[in-house]
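I have kept them to numbered points, to be read with the structure open.

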Amino acid sequence: MLDIRIVREQPDFVKSRLALRGGGDEAKIDELLRVDAERRKAETALQALNAERKKLSKEIGGMRSRGQDSSQLENRVRKVGDEIARLNEDVNRVDTQQKEMLLEIPNLPHLKVPCGKDASANPVVRSWGTKPKLDRTLDHVTIGTDLKLLDLERASKLSGSGFICFTGAGARLERTLIQFMLDLHTREHGYEEMSPPFLVRRDCMVGTSQLPKFEADMYGLENNQLFLAPTAEVPVTNFHREEILSVDELPKKYVAYTPCFRREAGSAGRETRGIIRVHQFDKVELVKITTPESSFEEHESLTADAEKILQLLGLHYRVVELCAGDLGFGATKTYDIEVWSPGQNAYLEVSSCSNFADFQARRMNLRFKDAEGKNRFCHTLNGSGLALPRLFAALIETGQQQDGSVRLPEKLLPYFGAGQIP
RNA sequence: GGUGAGGUGGCUGAGUGGUCGAAAGCAGCGCUUUGCUAAAGCGCCGUACCCCAAAAGGGUACCGAGGGUUCGAAUCCCUCCCUCACCGCCA
């Protein structure tokens with residue numbers, strides 16, 4: 001949620017920043033300001049009437065206690081009360097309208113974010129390793145099915161298309177990767193492990209800005225008052241919603257493994273083969289809550305923490321910075337980490353590391369008390385560390401051998417108990 | 001799922017229709033006293049929003065949330081949310 005004061009004081013700046021996203025949101029600003037002016041006008045009038053009623057009611061109290069007749073005054077105040085009721089409705093209506101509008105406006109891209117319309121304009125920030133030279137290149141579906149690591153046909157028998165069932169060594173590899181990542185982030189990177197609920201309230205989904213705009217992409221239950229979390233970002237970031245944290249407990253660093261549930265309506269296309277885009281997938285997520293002063297620095301280290309996984313697994317990847325037009329709704333700055341998939345002959349996004357600045361914190365009223373004792377909004381960040389199915393795919397595609405087996409990275413040996421499959 | 005008890009400031013906790021944004025205590029901040037510590041005394045100490053060019057200042061709202069009754073609601077009524085206890089069911 002944007003700070004209405006900034007919108008009020010620098011509307012042209014806000015509009016020009018929003019325009020960079022290319023979503024047409026800058027057109028909403030004038031209407032928002034009109035509603036804001038209306039709201040403040042109605043509020044001021046209401047407050048004046050409230051002050052009058054308060055004063056007169058006290059007089060009535062005084063007269064009664066002295067045994068005087070106050071009926072004339074009471075009649076007068078009753079009229080004021082009627083007026084208040086009427087104005088109150090106006091204020092509530094306009095206030096709600098303004099809040100709803102604010103919830104639909106995306107975050108401003110950070111000043112240093114590159115301009116560009118879509119993913120093709122995302123600059124590559126760095127890359128690590130090189131594309132492996134393979135004797136043959138099968139894709140993960142073929143490898144996985146041949147070695148009985150996963151069974152997509154039977155999965156669809158259970159849940160329809162877009163679901164994975166890992167089997168045998170595949171299921172073990174999935175579990176191994178989760179454990180490996182959690183251990184690394186907790187032991188080496190200083191994150192606190194959390195195992196949150198997978199179902200979250202509507203308020204939480206609004207807090208991290210999945211709602212109201214993207215309700216169609218979410219799985220809702222209980223008359224849409226409860227949702228299957230599309231990412232651990234939702235329960236973990238909202239863990240401290242409506243709290244005032246003390247400045248010396250920041251930054252908060254959490255890591256959580258959860259399954260993630262997404263409808264991804266209308267996303268059929270090139271990326272849908274195999275396990276690349278599914279309705280349920282596992283993910284280890286990193287979340288930080290920081291001060292405004294340190295969030296960009298923390299963003300860099302969070303991204304590095306996620307990259308470390310790929311480095312230890314010896315998988316080639318690159319990091320791209322999202323241009324303004326490709327930025328997610330709530331993010332002010334984002335790095336995507338893309339692992340190389342020999343089978344797809346493409347880079348696959350396995351992590352999206354974003355700084356939301358105070359955008360989410362405003363929505364969830366998450367604040368901290370600074371050194372001067374003032375309450376200020378926190379900054380929130382998150383990034384996958386990492387998303388499992390695509391990592392799984394890259395891993396078995398990169399490790400595939402001439403004889404049909406898959407060699408696994410050494411680092412997984414103590415976790416997996418074998419250096420290759422089968 | 002059933003029954004019951006509750007939700008008041010950072011915390012504890014008073015307050016059942018009027019001058020209550022809310023007693024008191026604790027914690028915190030400042031000052032005085034003091035060789036230091038301790039102790040004591042005095043003072044300060046919520047948040048959001050609105051008005052004002054700004055500051056100073058002023059105002060309104062907030063006692064879980066939203067409605068209602070009333071001239072006036074922390075206090076009475078309704079709905080919802082949450083917490084706790086016991087019972088039932090259950091991995």
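How are H7 and H12 oriented relative to each other? The first point takes this up; the model is a predicted one throughout.

1. Helix H7 covers residues 168-187 and helix H12 covers residues 388-398; their axes lie 11 Å apart and meet at an angle of about 110 degrees. Angles of 65 to 115 degrees count as roughly perpendicular, and H7 and H12 are therefore roughly perpendicular to each other. Their crossing is right-handed.

2. On the H7 side, the contact is made by Gly 170, Leu 173, Glu 174, Leu 177, Ile 178 and Met 181. H12 contributes Leu 388, Leu 391, Phe 392, Leu 395 and Ile 396. Sorted by class, the residues in this contact of H7 with H12 are 9 nonpolar, 1 polar and 1 charged.

3. The crossing of H2 and H3 is right-handed. Pro 11, Val 14, Lys 15 and Leu 18 of H2 make the contact with Ile 29, Asp 30 and Leu 33 of H3. By class, the contact of H2 with H3 has 5 nonpolar and 2 charged residues, and no polar ones.

4. H3 also matters for reading the surface near RNA strand B, where H3 supplies the largest share, 15 residues. Helices H1 (4-9), H3 (28-65) and H4 (71-103) each provide at least two residues of that surface. By class, the surface near RNA strand B has 13 charged, 8 polar and 3 nonpolar residues.

5. There are 24 residues around RNA strand B, and Glu 43, Ser 57, Val 77, Arg 78 and Arg 201 come nearest.

6. For the phosphate, a polar side-chain atom of Arg 8 is 3.5 Å from one of its oxygens. For the sugar or linking oxygens, one lies 2.8 Å from a side-chain N or O atom of Thr 44. For the bases, a polar side-chain atom of Arg 64 is 2.8 Å from a base nitrogen.

7. Last, the two ends of helix H6 (residues 152-159). At its start, a side-chain oxygen of Asp 151 comes to within 3.4 Å of the backbone nitrogen of Glu 153. Just after H6, Gly 160 has a positive phi of about 95 degrees.

Note on methods: Residues are numbered from 1 along each chain as its sequence is written. Chains are lettered from A and ligands numbered from 1 in the order in which they are written. This is a predicted model: local features need pLDDT of at least 70, side-chain atom pairs count only at pLDDT 80 or more; totals for chains, interfaces and linings use all residues. Side-chain values use heavy atoms; hydrogens and water are left out. A residue is near a molecule or strand if one of its heavy atoms lies within 4 Å of it. A polar contact is a pair of N or O atoms within 3.5 Å; within protein, one must be able to donate a hydrogen and the other to accept it, and residues adjacent in sequence count only if both atoms are side-chain atoms. Helices (H or I, at least four residues) and strands (E, at least two) are DSSP runs, numbered from the N terminus. Ala, Val, Leu, Ile, Met, Phe, Trp, Tyr, Cys and Pro count as nonpolar, Asp, Glu, Lys and Arg as charged, and the others, Gly among them, as polar. Axes are lines fitted to C-alpha atoms, for helices over the stretch in contact, and angles run from 0 to 180 degrees between N-to-C directions. Angles under 35 degrees count as roughly parallel, over 145 as roughly antiparallel, 65 to 115 as roughly perpendicular and the rest as oblique. A crossing is left-handed if the near helix is turned anticlockwise from the far one by less than a right angle, and right-handed if clockwise. Contact means heavy atoms within 4.5 Å.
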